[in-house]
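Here's a quick tour of how two chains meet. Have the structure open and follow along.

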Amino acid sequence: MALLEVVDLHVGYRVFEGYLKVLNGVNFEIEEQERVGLVGETGCGKTTLVKTILRVLPVPPARIQRGQVLYHGKDILLMSPREVRGLRRREMTAIFQDPLQALNPMFTIGTQLRDILKDSQERVGRGQRTQRAITARCISALRDTGMPDPERIMSNYPIQLSGGMRQRVCIAEALSRNVRLLLADEPTTNLDVTIQDQILRKLDQLVDQRGASVLIITHSMGVVRDLTQRLYIMYAGSMVETGRTKGVLASPLHPYTQGLMRSVPRLTGQGISDGIPGRIPNYLQPPSGCRFHPRCAHAMPVCVEAPPPFYPAGDNHRVACYLYRS
Amino acid sequence: MPGDILSVDNLRKHFPTKEGVVRAVDGVSFSIAPGETFGLVGESGSGKTTTAQCIIGMYPPTSGDIWFKGERINAAFDRRPKHVKGDLRIVFQDPGSSLNPKRTIKQILSVPLQVHRIGSRRGRLARMKALLDMVELPADEYLYKHPQAIGGGERQMVALARALATNPSLVLLDEPTSALDVSVQAKIINLLIRLQKELDLTYLFITHDLSLMRNIATRVAIMYLGKLCEIAPTAEFFESPVHPYTRMLLSSIPVVSDEEEALKPRKVLSTGEIPSPVNVPPGCGFQSRCPEAADVCRRVDPEMVEVSRSHQVRCHRERRPDRAGHAEASVLHEREERLC
Ligand SMILES: Nc1ncnc2c1ncn2[C@@H]1O[C@H](COP(=O)(O)OP(=O)(O)OP(=O)(O)O)[C@@H](O)[C@H]1O
Ligand SMILES: Nc1ncnc2c1ncn2[C@@H]1O[C@H](COP(=O)(O)OP(=O)(O)OP(=O)(O)O)[C@@H](O)[C@H]1O
Ligand code: SF4
Ligand SMILES: [Mg+2]
Ligand SMILES: [Mg+2]
């Protein structure tokens, strides 16, 4: 059984102009001790997916229409609030894209980190020694993320930190929890590549030492290549391709993935491609059938009719595109 | 240098705070020639945004000078002459928060036109349509939309249209595409390149994406702890980096093919304490993480020296007598490794 399995998930948002049909039948899974990458278009629903899994989606305006989120075979969407709290305490945690949203502006970084450490541990004493040990662990967690001057940062409030520093606080918070599944939503976008590298190595160690699984969402194909074994490509609310990371990057099959790979700026310096033609879909009235069809150079009549299922394409590689129907 | 569009001379910006003085920008000098795309890359929190904010006038510098087209423009934004304000514009990373969600795109674009008294009422509408057209958004569809109703990439195009409203010659771009997927990024970059040619624009481009810089920058400058540590023309920068931090940066670029992997210097792992701009250590700012730090590095802050006419580096290794031929040798040895 997979550690996490999302089945046919449909989620949307009610907005002034109508109903945004965002997640459109998402199917994906994460195995035990697996590092999985998720790359997708700006606004295709990646953060919505993570929030649904962790049950932190604001409902309303969001609405979960149907689908299942199975953790060890148990549907998170049907759990009681108490079970959900237990799940978040011991089983899974997320690094959110917007760190300001994740941190409480009223408390110092130190207070927040200490609370989390205490909370995630089974039994902690109240003695001075344990207090001091907890503080020391917080500081070392911050130092692990390449935070300058961690002792000083402990007494700072979130607004006193730069964007990259806040992001590192959230990473420290997530890494100091002893969980089985870490959902990392663009954890390193605001950081320089040396610190990014340092943090990704830390994440990697975590998986090795604790046997945890990681989902990493990013726009950087290089990051998923470095860190993950398996990769999902998402477009307009559903997964369009998955397979071993190196395989997908070396020979992308879906026309969207092919367009993405052509758009990646290369160190070889051959210039920047034009990007994928056409515009991102309107989620109020999304295209019928394959949502990519209006932008696809290979679109056929069948593409307009029904969303393509996943077709196998060898070596665990699967692709949701009628070109691979055979 | 005469002929430069922008010249920053020993710029310092210090912020007094309760915890001490933050030396966000601490003696930065560079100049940009017309038509360039000058890439500013560096450590998170090294002062790149603060440098841009000083240039645009959001803060007056603590010391140092900013020259724009031969005119000294140290004053804060409100006190700058109007022609400078219109000629020098900025686009921020997060278009979500830099566009007012309560306004329509038409209202957003009309602000700079009104402030700079560009066109009559009728002329302004035509100008706004032309601006949207310039950034490849269909005007009829977009003029009356609100920022939340459009995608992240499109918001960034609106922010760019707003910056271009006053016909600037220098545009500061602070991580304009780092929140976007690579396909949308490619569109915006192509748009920037086309507009640069059509409108004779000069760019100061701040980013963490060195692969992107490889493809679009004319020169690259690296910033660390409030100071520049290396400036070089793009090709030379990637082929023969000299500063240890630059090498660490280049060796950490996540790439997507073995071909690119081979172009990177040998891996330099990032270790050591990250210094804070409140407690700037004596000596070189990079010494706590530098694999090549010597005694002198812990005592004396190195000066910027020329490796070649257009390539400058701030590192003691450059000064050491054993250094002659060292750069050459290490480049050769890396080239050999690449051939393996
Ligand atoms: N609270 C909300 N109310 C209304 N619409 C929303 C809300 N949150 C997200 N959306 C819409 O849902 C879609 C998916 O958003 P989401 O943030 O999940 O995308 P994403 O894939 O994480 O994008 P990015 O790459 O920019 O982080 C977007 O079109 C967005 O405009
Ligand atoms: N208004 C302010 N008051 C106090 N400190 C500040 C202020 N603005 C910036 N700083 C500090 O100055 C330093 C430089 O910040 P800046 O935002 O310029 O960095 P940056 O190079 O743009 O980083 P990033 O890559 O994370 O965007 C940081 O340590 C930051 O905390
Ligand atoms: S299913 Fe059809 S429209 Fe969709 S990507 Fe494949 S060929 Fe293109
Ligand atoms: Mg997101
Ligand atoms: Mg910045």
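Two residues count as being in contact when they have heavy atoms within 4.5 Å. Keep in mind that this is a predicted model.

## The interface at a glance

On that basis, 54 residues of chain A touch 59 residues of chain B. Together the two chains bury about 4,400 Å², and 54% of that is on carbon and sulfur atoms. Three residues stand out on the chain A side: Arg225(A), Leu267(A) and Arg279(A) supply 17% of the area chain A buries against chain B, more than any other three residues.

## Charges and polar pairs

There are four salt bridges between chain A and chain B. In one salt bridge, the side chain of Arg225(A) meets that of Glu261(B), at 2.9 Å from N to O.

Which elements of chain A give two or more residues to the side that touches chain B? They're helices H6 (150-154), H8 (193-210), H9 (221-227) and H11 (255-263) of chain A. H8(A) gives the most, with seven residues. By residue type, this side of chain A splits into 18 nonpolar, 21 polar and 15 charged.

## How confident is the model?

Chain A has a mean pLDDT of 87, with 97% of its residues at 70 or more. Among the elements of chain A, strand E9 (residues 230-235) has the highest mean pLDDT, at 96, while helix H3 (residues 99-102) has the lowest, at 72.

Notes:
Residues numbered from 1 in each chain as written. Chains lettered and ligands numbered in written order. Predicted model: local features only at pLDDT ≥ 70, side-chain atom pairs only at ≥ 80, totals over all residues. Heavy atoms only, no water. Buried area = accessible area lost by both parts, 1.4 Å probe. Helix = DSSP H or I, 4+ residues; strand = E, 2+ residues; numbered from the N terminus. Nonpolar A, V, L, I, M, F, W, Y, C, P; charged D, E, K, R; others polar. pLDDT = per-residue confidence, 0-100.
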